[in-house]
Amino acid sequence: EHRKKRQLCVECGKMVLQLSAHRLTHTQEKQFSCPHCPMKMKSKGNICRHIEAVHLKKPAKTCETCGREFVHANMYKYHMRAKHGFGEPFECTICNIKFRHKGGLRDHMLSHTKEPKFSCQHCPMTCSRKSYLKLHVDAVHKKRIIKSCEMCDKGFSYIESYEAHMRSKHNYGESFECTICNIKFRHKGGLRGHNNRKHNDQTNCSCDICGMKFQDKRGLRAHGRVHSDEKPFACQFCPKRFKSPNAHRTHELIHKGVVFPCTMCDKTYTYKSLLNMHRAKHNLGEYFECKICSKKFRHRGGLNGHLNRKHNEESNCTCPLCPMCGKLVYDLPVHIVSHTKERKHVCPHCSMAYGRKTYLKMHVEAVHLKKVVKTCELCNRGFTQRTGYEAHMVSHNEKSNCSCPTCGMEFQSKVGLKNHSRVHSVVQMFACKHCPKRFKSPNAHKQHELTHLGVTFPCPVCAKTYRYGLKKHGRVHSNEQPFACRYCPKRFKSPNAHRAHELIHQGVVFTCEYCKKTYRYKSLLNMHKPRKPYVRRATIGKEQDSSVKKPRVYKKRPNRNKLPKKLCTVCGKFVAHLNHHLLSHTKERRFPCTYCPRAFSRSSLLKVHVETVHLKKTAKSCELCDRSFSYKSSYTIHMKHGRVHSNEQPFACRYCPKRFKSPNAHRAHELIHQGVVFTCEYCEKTYRYKSLLNMHLRVHGIGKTFDCHMCAKKFNHNSGLKSHIARVHSNERKFECETCGMLFKVK
């Protein structure tokens with residue numbers, strides 16, 4: 001009778017004892033605040049429990065078995081379940097696994113639903129539990145080592161990997177021995193698999209095609225995909241499919257950006273097996289020793305091949321005979337491709353095709369990725385192919401150089417000297433089949449015969465046709481720069497530009513014989529020279545005074561650099577450089593800046609942008625105030641129109657006594673007297689100056705916006721962008737208080 005009656009909550013429909021306290025859960029008003037910290041809560045009882053547990057450290061419960069104290073009753077319950085086995089366990093209804101805590105059962109049920117909730121911020125990996133995600137980030141991205149081997153100093157990101165390493169490498173822990181054949185195993189799973197394969201005839205399943213035996217039907221089913229075209233494992237990032245789950249998982253690591261770096265050098269690998277093979281070059285890892293002849297191998301595959309070739313007479317086989325050329329070859333299908341000339345491996349970046357996949361891989365790495373496989377230790381020059389490195393090393397060996405006895409020109413090998421000897425001989429070995437012409441070199445002979453056959457090579461981009469030199473022309477439409485300077489990081493598309501550039505580093509200059517001016521390029525010297533040499537005016541019948549120097553008379557040279565103007569079909573103007581002018585209509589920007597997202601239509605504009613914005617190169621400096629300018633036009637305005645260093649005001653207003661230094665300020669001021677205003681067509685606001693109207697239009701989303709390159713925010717004014725970067729993305733504090741010395745980000 002004395003028990004309190006429950007009351008009905010109108011908002012949620014529950015029957016509660018304290019209705020006034022329950023209503024606070026719906027209003028979300030935190031009226032009670034903690035006097036010791038900024039914490040606020042809805043009920044007074046929760047605040048009292050918070051003060052006792054957090055600030056006063058008052059124990060709410062004590063374990064009677066071990067004497068441990070707890071400030072929360074829930075922590076006491078968890079402790080009694082986990083340590084002392086009190087309470088009923090929570091059992092999974094699907095697989096009957098029991099858990100001490102309800103949270104363990106809740107996390108376990110995610111393994112049955114297979115719904116990943118936690119995604120990694122660094123890669124597309126998803127996990128079903130938060131703890132799994134933390135382990136993934138620490139092990140894969142942060143490379144956190146939680147355990148190190150005391151014997152070999154090897155670090156591990158997982159405890160399980162450390163325990164497996166100690167068992168297999170250092171013989172720590174117990175071993176599992178087979179009771180039938182006395183073979184010992186490091187892991188219990190190895191013994192279980194051994195018993196199923198060797199000593200259990202009931203579970204053995206053999207393949208009908210190759211006779212291979214397996215532990216169970218699952219292994220036989222997986223092996224059956226080797227003899228079929230079934231690929232059930234699809235990549236979730238690309239259309240590729242795989243037969244085995246291991247290949248599928250390894251492939252997806254490429255899309256997730258997981259790489260395995262070498263600790264000895266800067267190389268990285270997409271597969272761990274390739275990293276292990278690479279580590280052998282640094283003499284790291286274990287050796288595989290032959291038990292018969294004690295020969296050591298760095299890779300297990302080398303040991304297996306050695307055993308089959310040297311110590312296993314049954315498995316030795318002879319190389320097959322090629323029916324086309326009669327050679328004994330190791331891999332007959334790959335060798336036959338050299339006769340059929342079938343090229344089924346096409347490069348995805350260009351039109352090249354190859355008969356073998358390895359050749360395609362070498363082409364992509366050397367030509368498109370510019371991967372350096374070997375570097376000269378003497379001159380630090382990098383090479384994308386080993387053959388180029390070997391030919392280059394001959395140039396450092398004076399004994400191997402071959403010199404021509406006629407002209408003294410030196411060559412790296414005898415082959416180059418033999419080809420060069422045709423230059424000094426009269427013999428023309430290669431005759432054209434269509435005309436009486438003969439040639440010294442086979443390349444010139446082949447190119448000439450194509451002219452009789454009418455073979456032309458069209459450019460797929462601009463539809464131009466070439467008899468030869470299409471590859472050289474193709475560099476105009478691409479960013480390929482195969483010719484690298486030996487002295488600086490610059491690269492060039494043509495060999496002529498490459499050679500002319502290297503002359504600058506070598507200090508070669510071209511001097512004019514008349515005025516002693518020097519030029520870097522010979523073409524500039526030819527432009528400087530007149531067509532005819534300087535001519536003195538002759539004096540016939542008159543005595544010349546040797547003490548008085550007659551002035552030289554120069555014949556006026558026509559301007560050969562002036563190009564004829566061409567008609568633009570888009571706008572109807574006559575322009576000198578039609579190709580450059582057309583870019584103003586197409587707005588194609590082929591030259592991107594390497595330091596920021598901007599792009600330009602001409603390389604000259606890109607060069608000016610890099611020098612002024614990123615390199616802060618000064619083009620002109622004022623001699624009066626030492627102010628530097630990145631553009632010459634800015635310097636001219638500063639000195640002429642700005643009239644900063646004088647009080648001269650030549651531009652007078654026609655309506656009032658005011659005078660101005662610049663014509664722009666003068667014109668803008670007179671518009672005020674003329675009543676000219678600029679009205680916004682969206683909100684009807686008026687402005688005296690058009691520049692203010694353009695700034696106002698950005699409020700309506702019209703005109704240029706200033707985007708932050710670190711986040712997705714946009715600003716109407718450049719000042720807002722600068723202030724945003726200083727406050728949010730920058731840690732620099734350059735504004736100091738004069739009184740207390742405190743630093744601030746923004747003024």
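Colleague: How many nonpolar, polar and charged residues does the lining of the largest pocket have?

Modeller: Rolling a probe the size of a water molecule over the atoms shows where empty space is left. A pocket is an open set of points on a 1 Å grid over the protein atoms alone, where a 1.4 Å probe fits, with protein on both sides within 12 Å along at least five of seven lines; lining residues have an atom within 4 Å of a point. In this predicted model, the lining of the largest pocket has 20 nonpolar, 14 polar and 13 charged residues. Here Ala, Val, Leu, Ile, Met, Phe, Trp, Tyr, Cys and Pro count as nonpolar, Asp, Glu, Lys and Arg as charged, and the others, Gly among them, as polar.

Colleague: Which residues lie nearest the centre of the largest pocket?

Modeller: Of its 47 lining residues, Lys154, Phe260, Lys272, Leu275 and Asn276 lie nearest the centre. Elements giving two or more residues to this lining include helix H6 (159–170), helix H9 (245–255) and helix H10 (272–279). H10 gives the most, with 6 residues. Helices (H or I, at least four residues) and strands (E, at least two) are DSSP runs, numbered from the N terminus.

Colleague: What is phi of lysine 143?

Modeller: Most residues other than glycine have a negative phi. Lysine 143, however, has a positive phi near 50°. Its place is in the loop between helix H5 (130–141) and strand S11 (147–148). Glutamate 684 also has a positive phi, about 65°, and is in the loop between strand S45 (678–679) and strand S46 (686–687).

Colleague: Are these two residues buried or exposed?

Modeller: Buried means under 20% relative accessible area, exposed over 50%, and partly exposed in between (1.4 Å probe, protein chains only). Lysine 143 counts as partly exposed because its relative accessibility is 42%. Glutamate 684, at 66%, counts as exposed. Of the 747 residues in the chain, 18% are buried.

Colleague: Where does pLDDT stay under 50?

Modeller: Where pLDDT, the predictor's confidence in each residue from 0 to 100, is low, the predicted coordinates should not be read in detail. The value stays under 50 over residues 534–550 and over residues 552–557. The chain mean is 79, and 90% of the residues reach 70 or more.

Colleague: What conventions apply?

Modeller: Residues are numbered from 1 along each chain as its sequence is written, and side-chain values use heavy atoms, with hydrogens and water left out. In this predicted model, local features need pLDDT of at least 70 and side-chain atom pairs count only at pLDDT 80 or more, whereas totals for chains, interfaces and linings use all residues.

Note on methods. Contact = heavy atoms within 4.5 Å.
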